[in-house]
Amino acid sequence: MALQITAIPDDPALLDLPWSTPLEDWPADQLVALPRGISRHVVRFVRISGQVYAVKEVPHRIAQREFELLRRLERRDVPAVDAVGVITGRETPTGEPVETALITRHLQFSLPYRALFSQTLRPDTANRLLDALAVLIVRLHLAGFAWGDCSLSNTLFRRDAGAFAAYLVDAETGEMHPQLSEGQRRYDVDLAGQNIAGELMDLQSGGLLDESVDPIDTGLDIIDRYTGLWDEITGQSVFGAGERYRFEQRLRRLNELGFDVAEVQMTAEDGGSRVVVTPKVVDAGHHTRRLLRLTGLDVQENQARRLLNAIDTYRAVLGAPEEDEEIVAHRWVNEVFQPVVRAVPRELRRKLEPAEVFHEVAEHRWYLSEAAGRDIGLDTAVRSYIDNVLAHKPDEKAVLGRRIGRPSSGYTSYDDFDTAELPPIIG
Amino acid sequence: MAEVVYEKATRVYPGSERPAVDALDLDVKDGEFLVLVGPSGCGKSTSLRMLAGLEDVNAGTIRIGGRDVTHLPPKDRDIAMVFQNYALYPHMNVAENMGFALKIAGVPKDERMRRVREAAKLLDLEQFLERKPKALSGGQRQRVAMGRAIVREPQVFLMDEPLSNLDAKLRVQTRTQIASLQRRLGVTTVYVTHDQVEAMTMGDRVAVLKDGLLQQVDTPREMYERPNNVFVAGFIGSPAMNIEEFQVADGHASVGTLDVPLSRPTLEALAKEGSDTVTLGFRPESLDVVSEGEGFPVIVNVVEELGSDAFLYGTLEGTGGALEGHQIIARADPRRPPMKGELVYLQVREGEQHVFSSRTGERLPS
């Protein structure tokens with residue numbers, strides 16, 4: 001039986017992997033060691049052309065299903081690993097059938113949670129992980145996706161201006177529906193609480209959890225975080241006549257949380273003196289989109305929020321309030337952002353993404369300025385940061401692989417900034 | 001008492017005309033292992049999810065142990081969903097892995113240990129309680145995962161195709177484990193599968209669904225020997241039953257030279273219905289290979305030799321009429337199986353046909 005591949009055109013070198021050998025027998029020199037929990041299926045990681053791929057052996061029906069789910073999530077712009085391919089018809093040279101393989105690709109600079117702390121997991125890190133997960137679950141549920149197995153191990157995290165952005169790794173138990181029932185949502189989140197509490201208890205058993213973190217309380221806390229965010233985003237508001245400003249306030253609050261409302265349902269009651277408003281279509285990535293439009297920079301939500309603040313500050317300092325927003329933004333990229341990014345020496349670029357470097361430089365500048373009692377300036381901050389902070393950080397790009405696969409015309413990598421010619425503003 | 005009752009339970013998806021589950025009436029007895037089975041889209045998973053609280057119930061009710069749970073969230077129903085996926089925690093030993101959900105729920109330590117030990121005994125894991133998961137085999141890890149559901153001591157276990165992720169060998173192994181475990185535990189269990197062999201081997205009773213409607217609920221034996229309608233007849237049993245439509249004349253069902261005598265109760269029922277056609281079914285084991293002149297001719301296309309059994313897949317040849325060239329499956333002698341391409345003669349063992357109305361598909365007296 002011939003090898004059959006369902007795949008998104010990717011690296012042809014994937015075809016050269018030893019598909020006629022069961023995954024657990026693959027030679028070590030092909031593999032990359034990554035932390036991975038004890039799961040039922042055989043999973044291995046390989047690196048090809050600098051990108052890291054996960055290969056999982058599962059029955060064909062399951063692989064196909066998961067592949068399609070990941071593709072659907074990608075189309076809905078929900079943060080998840082990229083589905084690359086399904087390989088069936090595998091056979092050993094002697095004709096013995098070998099299980100189907102599902103291939104996924106991990107994201108540049110994304111990390112398993114175990115890689116986010118060196119000795120113990122501390123409260124502030126734990127809180128940030130939970131915040132990121134709560135946002136991810138809300139986004140999944142908004143897209144009609146019930147995960148069925150949310151846990152820290154099933155998630156990858158990327159740094160996002162001091163916070164984390166979470167990405168779904170395993171969609172095997174997932175289901176997509178036009179809309180989730182309340183029972184489904186609650187069940188999914190309760191399960192997440194159990195799983196996270198269990199993982200934190202496991203860290204505790206291994207001496208990896210800071211003493212001040214209660215694994216059960218912290219784990220179950222995801223439920224409140226999720227519920228708060230969900231209600232904020234999808235809850236009903238009732239406005240009386242002359243209270244339109246409250247509706248705008250609500251929209252702005254949602255924007256601040258990173259969400260755009262694309263559609264609302266409005267029902268007039270009491271002959272129009274009351275309006276009941278329920279957001280219907282809510283998209284995440286409000287700040288990301290706005291920054292992309294203004295500058296062409298394609299970064300994560302929290303990073304985008306910080307950069308937009310920086311642009312606003314820059315504009316105020318320039319004293320040019322009437323200038324076109326996009327022109328000011330473009331100047332800022334040229335005069336402020338790009339120099340910082342270019343200042344990172346080649347050999348240190350594997351450590352952090354450009355936007356994250358910029359964020360950390362800004363923080364570093366703030367701390368140094370506070371200590372000095374005056375603003376030390378950006379140039380000094382950059383030099384100090386590179387020599388004293390960045391150089392000592394572990395390589396995070398190396399943990400996983402590749403440039404963000406989003407088909408935007410934005411630019412994000414160090415290479416983009418090195419070119420003499422910047423891409424035009426997205427108008 | 002943890003019986004489960006679906007009473008006219010209905011689920012209609014928004015925007016859909018046809019219900020996904022249509023007025024389901026089903027009683028699951030306390031301690032029973034009931035399997036919901038049917039083809040893709042039949043409503044079996046939806047029915048389970050309605051019981052779990054994962055699916056809204058648009059009409060009717062669902063009761064567990066006499067309590068109306070129709071609109072309760074999953075957490076408040078005292079059920080345990082036995083999941084396909086699990087993660088065993090590497091730094092915790094087996095006992096801690098099994099009991100962690102109880103710890104989260106605030107169950108006191110003594111009670112936790114009692115439940116864990118009891119579950120470990122049932123699962124043959126007693127000697128592994130202090131070990132870490134890394135030291136366990138695949139099958140043992142599987143049992144630890146089951147242990148997690150067991151220690152919760154729910155009223156009902158729900159399982160939605162829990163074996164579908166497994167390779168064939170592990171499937172059969174785990175299937176047996178689950179069935180024997182349930183027998184020892186005596187907890188009411190509702191289990192969904194698309195695999196009718198699995199349903200027939202595991203269930204105390206089996207419920208067949210199609211297009212959201214319950215077709216039949218019975219013990220495997222009853223289901224096999226007395227399918228209520230054509231669909232169940234063709235769905236249950238492997239290889240499938242041979243089912244064809246015949247003309248009725250002179251007290252016989254015939255097509256071309258193929259002829260089957262019909263009993264009086266059958267003829268009376270047909271007369272009452274006013275039909276001159278009837279649908280007959282014969283299981284492969286109800287057909288005997290006989291000599292020329294005694295039966296109807298079949299050309300053998302494929303012989304499936306299974307060691308203990310053999311089945312021939314052939315086509316009717318030379319009988320004339322509408323059934324010419326139709327496929328027929330018959331059991332053959334595994335020690336002297338026919339050859340591919342050979343012409344054999346088959347005869348229906350007397351009284352072993354299943355009779356159905358051509359009009360309604362429902363079973364008629366035979």
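This is a predicted model: local features need pLDDT of at least 70, side-chain atom pairs count only at pLDDT 80 or more; totals for chains, interfaces and linings use all residues.
Helices α7(A) and α8(A) sit roughly perpendicular to each other (65 to 115 degrees counts as that), because their axes cross at roughly 95 degrees and come within 10 Å. Here α7 covers residues 301–318 of chain A and α8 residues 325–343 of chain A; helices are DSSP runs (H or I) of at least four residues, strands (E) of at least two, numbered from the N terminus. Axes are lines fitted to C-alpha atoms, for helices over the stretch in contact, with angles from 0 to 180 degrees between N-to-C directions.

Who does the touching? On α7(A) we find I311(A), Y314(A), R315(A) and L318(A), and on α8(A) V328(A), A329(A), W332(A) and V336(A). Contact means C-beta atoms, placed from the backbone, within 7 Å.

Residues count from 1 along each chain as written, with chains lettered from A and ligands numbered from 1 in written order.

Now for confidence: pLDDT is the predictor's own, per residue, from 0 to 100. Chain A has a mean of 84, and 90% of its residues reach 70 or more.

| Part of chain A | pLDDT |
|---|---|
| Helix α11 (residues 414–418), lowest | mean 60 |
| Strand β8 (residues 145–146), highest | mean 96 |
| Residues 401–409 | below 50 |
| Residues 419–427 | below 50 |

Key: Angles under 35 degrees count as roughly parallel, over 145 as roughly antiparallel, 65 to 115 as roughly perpendicular and the rest as oblique. Two residues are in contact if their C-beta atoms, placed from the backbone, lie within 7 Å.
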